[in-house]
Structures are given as structure tokens and as C-alpha cells.
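Work through the exercises below with the sequence and the structure at hand. Each task is followed by a solution in steps.

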Amino acid sequence: MNEEPTEKPDARCEGCRDIKRERSRAVAAGDVQEAAALTTAMGVHLRVTHEYP
């Protein structure tokens, strides 16, 4: 078989890592509004960048 190697399912792009890191920091700091905004940002990022349904 000559299949191209596929990306690991748990591999994240730089954008995903950045959003996740910032959201974790917001949660740790108790900043609920920022954490919610970053959750929304991740959803948009997944749909736009990764064409996630």
C-alpha cells in the first residue's frame, strides 16, 4: 500500500494549541468570560481552518 501517512488524531495545529493554552489560563485565573470567548473562538477555528462540521 502506498498510502500517505495521516496526521495523528490528537495532533493539534498551532492555532488549536494557542487557543487551548489561552483558554486554560483563563479558566485557571477564574476568567469565565474569557474562557467562554475562547471556547467560541475554538469552534470557529475548527470550522474555518479544519472544515470540522
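The face of helix 2 turned away from its buried side carries Gln33, Thr40 and Val48, which are exposed. The model is a predicted one.

**Exercise 1.** Identify the buried residues of helix 2 and state how they are arranged about its axis.

Solution. Begin with the extent of the element: helix 2 has 18 residues and spans 25 Å from its first C-alpha to its last, close to the 26 Å expected at 1.5 Å a residue. Next, list its buried residues, which are Ala35, Leu38, Met42, Gly43 and His45. Viewed down the axis of helix 2, these buried residues fall within an arc of 160°, so they line one face of the helix. The general rule is that an α-helix has 3.6 residues a turn, so residues three or four places apart point the same way. Finally, find the packing partner: the buried residues of helix 2 pack against helix 1.

**Exercise 2.** Decide whether His45 is buried or exposed, and list its contacts beyond four places in sequence.

Solution. His45 is part of helix 2. Its relative accessibility is 13%, and the cut-off for buried is under 20%, so His45 counts as buried. Leaving out residues up to four places away in sequence, His45 touches Cys13, Gly15, Cys16, Ile19 and His50.

**Exercise 3.** Which residues make up the largest nonpolar core, and which elements give two or more residues to this core?

Solution. The core consists of six residues: Cys16, Ile19, Ala26, Ala35, Leu38 and Met42. Helix 1 (14-29) and helix 2 (32-49) each give two or more residues to this core. For one member, Ala26, the contacts beyond four places in sequence are Asp31, Glu34, Ala35 and Leu38.

Terms used. Residues are numbered from 1 along each chain as its sequence is written. This is a predicted model: local features need pLDDT of at least 70, side-chain atom pairs count only at pLDDT 80 or more; totals for chains, interfaces and linings use all residues. Side-chain values use heavy atoms; hydrogens and water are left out. A nonpolar core is a set of buried Ala, Val, Leu, Ile, Met, Phe, Trp, Tyr and Cys residues joined through side-chain atoms within 4.5 Å. Buried means under 20% relative accessible area, exposed over 50%, partly exposed in between (1.4 Å probe, protein chains only). Helices (H or I, at least four residues) and strands (E, at least two) are DSSP runs, numbered from the N terminus. Contact means heavy atoms within 4.5 Å. The expected span of a helix is 1.5 Å times one less than its number of residues. The arc is that of the directions from the helix axis to the C-beta atoms.
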